[in-house]
Amino acid sequence: MITQQPLLAALIAMVGMALVFGAILGFAAIKFKVEGDPIVERIDALLPQTQCGQCGYPGCRPYAGAIANGDAINKCPPGGQTTVNALATLLDVPAPELDSAEGDVSDIKKVAYIREPECIGCTKCIQACPVDAILGAAKQMHTVLVSECTGCDLCVEPCPVDCIEMRPVDKTLADWKWDIPAPLDKRLAGLKSTDIIATDRVTATTGNRAA
Amino acid sequence: MRKIWDIPGGIHPPENKKQSLSSAIAPVPMPDHLILPLNQHAGAPAKPVVNVGDQVLKGQLLAEPGGFISAAIHAPTSGTISAIEDHPIPHPSGMSAVCMVLVPDGRDEWCPHHGVEDYTAASPTALLGLIRDAGITGLGGAGFPSAVKLGPKQPIDTLIINGTECEPYITADDILMQERADQIIAGVRIIAHILGNPDNILIGIEDNKPKAFEALEAAAQSSSTESSATGSTIQVVEFPTKYPSGGEKQLIQILTGKEVPSGKLPADLGIVCQNVGTTVAVYRAIQFGEPLISRVTTVTGEACTGNGNFEVLLGTPISHLLQLNGFDREQCGRLVMGGPMMGFTLTDTSVPVIKATNCILAGSHREFPPAPPAQACIRCGLCAEACPANLLPQQLFWYAQSQNLERLEAHNLFDCIECGACAYVCPSNIPLVQYYRAAKGEIRKVETEKKKADHARLRFEFHKERLEKAEADKAAKREARRLAAEAAQAKVQSDGESGAAPTAASTGVEDIIQAAMARAAARQASPEEQQAKIERSIETAKNRVKVAEDKLADAANGQFEAEQLDKLRAKVEDARLKLAEAERRLVELINAPAAVNSEAVASKLQASPRELLQKNIATIQQRMATTESKIAEATDEAIIAALRTGLEKQREKLSQAQQELAQLGDADDQPVEDKPALDAAAAAIARAQAKAEAMASLSPLEKLDASLDSFDQRIAKAQEKLASAEAANAEHVDTLRSALEKLQAKRAETARQRQQLIDQPREQ
């Protein structure tokens with residue numbers, strides 16, 4: 001009977017499949033519902049967590065949220081180009097240059113330093129510090145816990161006696177690393193053919209041209 | 001013959017080992033000073049246990065391990081610690097680190113030390129402790145603390161001794177195996193005992209060291225015949241020379257065919273690998289109690305006239321060794337610590353020999369020509385063929401160039417042993433290993449930064465949470481205060497409703513009154529407390545006076561000098577003053593409330609019913625005045641009517657009050673005799689008020705008439721007085737006369753005003 005009605009058969013088949021897949025999709029949408037916004041978490045994990053606000057947002061997480069909503073990824077000077085590259089890889093977009101308008105771009109890591117004899121103990125820097133890295137009490141000298149300082153420099157501005165400065169962290173053996181060789185095109189620039197082609201080269205020992 | 005396996009890749013660079021093998025291990029004359037870096041090993045730096053200026057003996061502990069992965073440092077000879085300061089150390093960075101500087105005294109005097117008589121009777125743990133105390137680290141090049149490596153948690157079934165020494169130029173292990181084979185075998189036995197006598201004990205040697213192989217084979221044979229009962233046989237295995245078969249993982253693969261998985265340790269496969277030099281150090285530490293204070297180091301290269309191996313005290317400056325071997329700086333193209341493949345360039349010859357220094361290579365310009373310029377990668381794939389770790393060097397190179405750290409890790413960059421085989425075969429002369437080292441450093445840096453960032457995030461979140469909590473606490477307190485205030489108001493309201501029925505508007509006022517009363521009550525309680533406090537202070541002051549007087553009495557007996565006596569006297573005086581002050585305060589306090597009370601009572605008493613009534617009358621009059629003005633202003637009939645009735649009522653009240661006052665006035669005169677002045681004043685006030693009232697009700701013309709009358713009276717009186725005064729010839733006649741003149745002038749003025757007032761209507 002149904003074989004004689006190909007149109008009807010096709011219709012029934014299509015509707016049946018639509019119902020079945022619709023049910024599966026509906027079930028999956030409820031069963032595997034994603035809580036929160038995982039992309040914000042992943043972006044936040046790449047940001048340097050200095051909470052410095054140089055991006056124009058009050059902390060790293062708000063900036064992560066803004067990036068997820070389409071803001072530029074190159075507004076984080078503390079993270080540097082490395083962070084921009086990592087974000088570009090994560091979001092699968094071309095990596096832009098770091099936007100230097102957002103603040104000082106410097107590879108040198110800095111931490112806050114309080115010139116202790118000048119400190120009057122006003123606690124303003126303590127309130128400004130987003131990671132509780134400044135130790136002190138009212139009318140007592142304050143000091144920076146170097147291991148906790150993120151170098152966000154938010155404490156510099158509130159100081160009424162300007163006794164806080166950002167000092168570069170000394171390089172130690174522990175964080176020393178080999179430098180990457182200069183890019184090939186830069187190293188080849190300015191070289192003559194005699195520098196490159198072996199048979200043109202003057203040997204060190206004989207001073208004559210190699211055969 | 002044991003089956004051997006092959007490793008992938010590998011290269012065959014010129015060996016250059018013959019130069020330094022012509023002579024036996026030679027001693028080195030004592031240098032002027034020894035420099036002992038606190039971090040000669042992998043892991044945490046050692047912590048000094050001696051101070052600058054201390055005299056130390058050979059073998060004495062100078063610094064103890066600074067952590068689990070760390071090693072002790074001992075004095076290589078007797079002498080004085082002249083400094084503990086920053087000094088350049090042998091490190092690719094060329095940076096400085098904290099070093100101890102020891103100035104030898106030339107006596108080379110040992111501190112008391114003794115070995116273990118029978119190590120087979122000692123527990124492995126005790127022996128490991130001795131090895132740790134002796135500061136032994138791997139002498140192959142990496143400098144990993146041996147006690148850690150020899151104490152794995154996993155069961156060990158294979159012990160491999162590394163005598164491969166695959167790097168060109170280096171012969172330190174070769175000569176050691178040739179000359180001290182028996183010590184090596186003895187050390188192997190001790191290590192085997194510590195590891196619980198593993199089934200397989202293998203010594204791997206490349207076939208380019210036949211003399212070493214023979215020596216070790218012979219030593220192993222005699223050892224196994226000697227102690228066949230204990231332990232398994234030691235197999236010395238020879239295999240074809242190929243660089244870099246001396247790498248730990250590579251040697252394991254050659255000898256056992258097993259590949260150490262990525263990210264795992266040989267111990268995970270039940271294998272422990274040790275360098276031959278380390279076995280000798282272990283032997284000397286256990287047998288004689290000698291810590292690791294010297295090692296065999298190869299000094300070679302064309303820039304040195306003499307090449308050979310030396311028994312060098314740790315801390316010997318490299319310049320001392322080079323000088324000994326006729327080093328020519330002009331000839332030297334590159335000074336390297338380690339081998340030509342994996343070593344690093346030294347920029348400073350003042351750096352010392354450390355535990356991991358197996359070779360000093362002073363290469364001439366011919367041996368180490370300047371690196372030819374790198375060219376583009378041509379994707380030839382030679383590097384992948386040469387890689388002993390089965391990596392893809394050119395892929396790693398691309399990713400390292402573009403800093404794609406994720407892809408680098410995905411391509412197992414950390415399995416690269418940095419052997420340099422890829423760079424050796426590269427036709428484009430690309431310094432590949434440099435890229436890998438830089439990339440590894442970058443990845444480690446990113447990881448530490450990530451850890452720091454996570455830590456900072458935690459702290460930031462905690463900071464935020466803390467602020468929010470403080471804010472919430474404040475808000476809760478505010479809310480609680482608000483609720484309490486509301487409840488109190490409600491209570492007052494309900495009290496008021498059940499009581500005398502004050503209106504809703506008056507509850508606020510009552511609140512204030514109640515609060516004031518409560519405050520007053522609280523204050524009333526305080527004088528008692530104050531009194532108690534003052535009494536207490538009097539007690540203490542009395543005590544103090546007593547103590548001071550006692551002291552003074554003692555002092556007066558002649559035990560003290562005049563100055564002290566004065567001081568004591570001053571003290572007594574001071575104490576007495578304090579006592580007097582306290583007593584005075586007490587008296588004040590007792591009198592004060594009485595004074596306040598009496599005043600209040602007096603004012604209340606003085607406020608007689610008469611005065612109250614007068615006040616009442618004044619208020620009513622005022623009210624009437626305002627009502628009248630309101631009536632004048634009002635336009636609405638109803639309001640005017642209401643105001644009028646109010647005015648009527650007030651009038652009634654006024655007349656009532658005045659009546660009462662009149663009655664009271666009659667009654668008052670008799671009983672209140674003691675206050676005539678007060679009554680007189682009250683009467684005067686009443687008269688003045690009555691007058692003012694009368695004045696207010698009069699028209700201006702009448703007012704002026706009245707004032708004229710009064711002027712006439714006063715002038716009459718003044719004339720009388722003047723007359724009597726003139727008669728008596730009194731002094732104030734002039735005054736009286738001028739007063740009379742003034743009165744007359746005023747009267748004239750008033751009369752003029754009156755005339756004007758009368759004339760005005762006519763003019764209009």
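**Helix packing and confidence**

Analyst: Helix 2 (residues 38-46) and helix 3 (residues 60-68) of chain A pack at an angle of about 125°, their axes 8 Å apart. Helices are DSSP runs of H or I, at least four residues, numbered from the N terminus. Axes are lines fitted to C-alpha atoms over the stretch in contact, and angles run from 0 to 180 degrees between N-to-C directions. This is a predicted model: local features need pLDDT of at least 70, side-chain atom pairs need 80 or more, and totals for chains, interfaces and linings use all residues. Residues are numbered from 1 along each chain as its sequence is written, with chains lettered from A and ligands numbered from 1 in the order written.

User: Which residues of helix 2 of chain A meet helix 3 of chain A?
Analyst: A:Ile39, A:Val40, A:Ile43 and A:Asp44. Their partners in helix 3 of chain A include A:Cys60, A:Arg61 and A:Ala64. Contact means C-beta atoms, placed from the backbone, within 7 Å.

User: New topic. How many residues does each chain give to the contact between chains A and B?
Analyst: Chain A gives 30 and chain B gives 31. Helix 4 (80-91), helix 6 (184-188) and helix 7 (193-196) of chain A each supply at least two residues of chain A's side.

User: What is the mean pLDDT of chain A?
Analyst: The mean is 82, and 82% of its residues reach 70 or more. pLDDT is the predictor's confidence in each residue, from 0 to 100.

User: Where in chain A is confidence lowest and highest?
Analyst: Lowest in helix 7 of chain A, at a mean of 64, and highest in helix 1 (residues 6-31) of chain A, at 94.

Note on methods. Contact = placed C-beta atoms within 7 Å.
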